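Colleague: I would like to learn how to read a few features in a structure that I have not seen before. Could we go through them one at a time, with the general idea ahead of the case?

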Amino acid sequence: MKKGTITRRCRCTDPETGKDLGASCPKLQSRRHGTFGVFQELDPAQDGRRRRFRRGGFETSTKAQEELGKVRALMAIPEEDDAWGRTQISDLLEDCVKEKTPLPDYDETRRRFQTGQSLNSKTTVGEWLDTWLAGRKRLRRGGASRYECDIRVHLKPHLGHLRLDKLRVHHIDKMFDAINERNIEIQEQNAQRRAVADELKATPNKGAENRARRKWFRAQLDAMPPFRRVTGLNTQPHIRDTLRAALNVAIAQQVMPAFNPAAHVELLPGTKPKALV
């Protein structure tokens, strides 16, 4: 591994040419002038392209040295003769530069590397749910349909955009709060539609005035949302269980930290089914 370097630059310009003075600025003799940057040669890309890790804007050389140390520690994870592993780490560092994101955690990256996982920890909940459902080969048709419905209607719209390793209990709580608020809205709209439908049914066909009223009622119904089912309190535990099952597999495969937030979500109690006599 080639040794990285730390540089110091400023934004001063030559008054005659207007060009940046860069490292030739005489004020750089003062430690308080300019900012520090790091430079580290990376392993070439698969197509042979030369790559470098560059990052600047550090206020002190100490902070720049810390950043360079993190880069070199990440690059030292693979063995010297593991060319593919070094390429993976270099890919990860190159992405950090392109996307201007912080360096990944060393311990988590080392764990992922040693277990053969993707070093990209940006898998979303939606992506993982699709992967998990596709891997359920022994599901019966009814079970697969129920899981697919939970994922499509509830889990992906509310949680799908979140990173899998960043999913927390409060995210899931917020989803069920939104479902319950939506239930209230649906119940109110259903009641309004039912009232108009009852008025239409009670209005006779005879007479011009009645026909005009019936036409107005039908126009009102056309403008209203259709009757919809609510996601009841007895259904919500199944949605939670679908998510919990998918996250358990993610934990077992070490795709996410060993904590299942779905297992710690409390729901409103539903109604118990009546016993058959």
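Colleague: Which residues does Leu 133 touch, not counting residues up to four places away in sequence?

Modeller: Please keep in mind that this is a predicted model. Contact here means heavy atoms within 4.5 Å, and on that basis Leu 133 touches Leu 139, Tyr 147, Glu 148 and Ile 151. Leu 133 itself sits in helix 4, which covers residues 125-134. Asp 82, by contrast, is 51 residues from Leu 133 in sequence and 34 Å from it in space, taken from C-alpha to C-alpha.

Colleague: How many aromatic pairs are there, and how should I read them?

Modeller: Ring planes over 60 degrees apart count as edge-to-face, and the count comes to 2 aromatic pairs. Trp 132 and Tyr 147 form an edge-to-face pair, with 5.2 Å from centre to centre and 75° between the planes. This pair links distant parts of the chain, since Trp 132 belongs to helix 4 and Tyr 147 to helix 5 (residues 141-159), 15 residues apart. Trp 216 and Phe 217 also form an edge-to-face pair, at 5.4 Å centre to centre and with 65° between the planes.

Colleague: Why do Trp 132, Tyr 147 and Phe 217 count as buried?

Modeller: A residue is buried when its relative accessible area is under 20%. Trp 132 counts as buried because its relative accessibility is 3%, Tyr 147 because its relative accessible area is 18%, and Phe 217 because its relative accessibility is 6%.

Colleague: How should I read a helix, and which residues of helix 2 are buried?

Modeller: An α-helix has 3.6 residues a turn, so residues three or four places apart point the same way. Helix 2 runs over residues 83-99, and its 17 residues reach 24 Å from the first C-alpha to the last, close to the 24 Å expected at 1.5 Å a residue. Its buried residues are Gly 85, Thr 87, Ile 89, Ser 90, Leu 92, Leu 93, Glu 94 and Cys 96, and what covers them includes strand 3 (52-58), helix 1 (61-75) and helix 3 (106-114). Just after helix 2, Lys 100 takes a positive phi of about 55°.

Colleague: What lines the second largest pocket?

Modeller: A pocket can be read by its space and by its lining. About 230 Å³ of space lies in the second largest pocket, and its lining consists of Arg 146, Cys 149, Asp 150, Val 153, His 154, Arg 229, Val 230, Thr 231, Gly 232 and Thr 235. By class, that lining has 3 nonpolar, 4 polar and 3 charged residues.

How values were computed: Residues numbered from 1 in each chain as written. Predicted model: local features only at pLDDT ≥ 70, side-chain atom pairs only at ≥ 80, totals over all residues. Heavy atoms only, no water. 1 Å grid on protein atoms, 1.4 Å probe; cavity = no way out; pocket = protein on both sides within 12 Å on 5 of 7 lines; lining within 4 Å. Points joined across faces, edges and corners; volume = space filled by probe spheres on them. Nonpolar A, V, L, I, M, F, W, Y, C, P; charged D, E, K, R; others polar. Helix = DSSP H or I, 4+ residues; strand = E, 2+ residues; numbered from the N terminus. Expected span 1.5 Å × (residues − 1). Buried < 20%, exposed > 50% of the residue type's maximum accessible area, 1.4 Å probe, protein only. Phe/Tyr/Trp six-rings, centres within 6.5 Å; stacked < 30°, edge-to-face > 60°.
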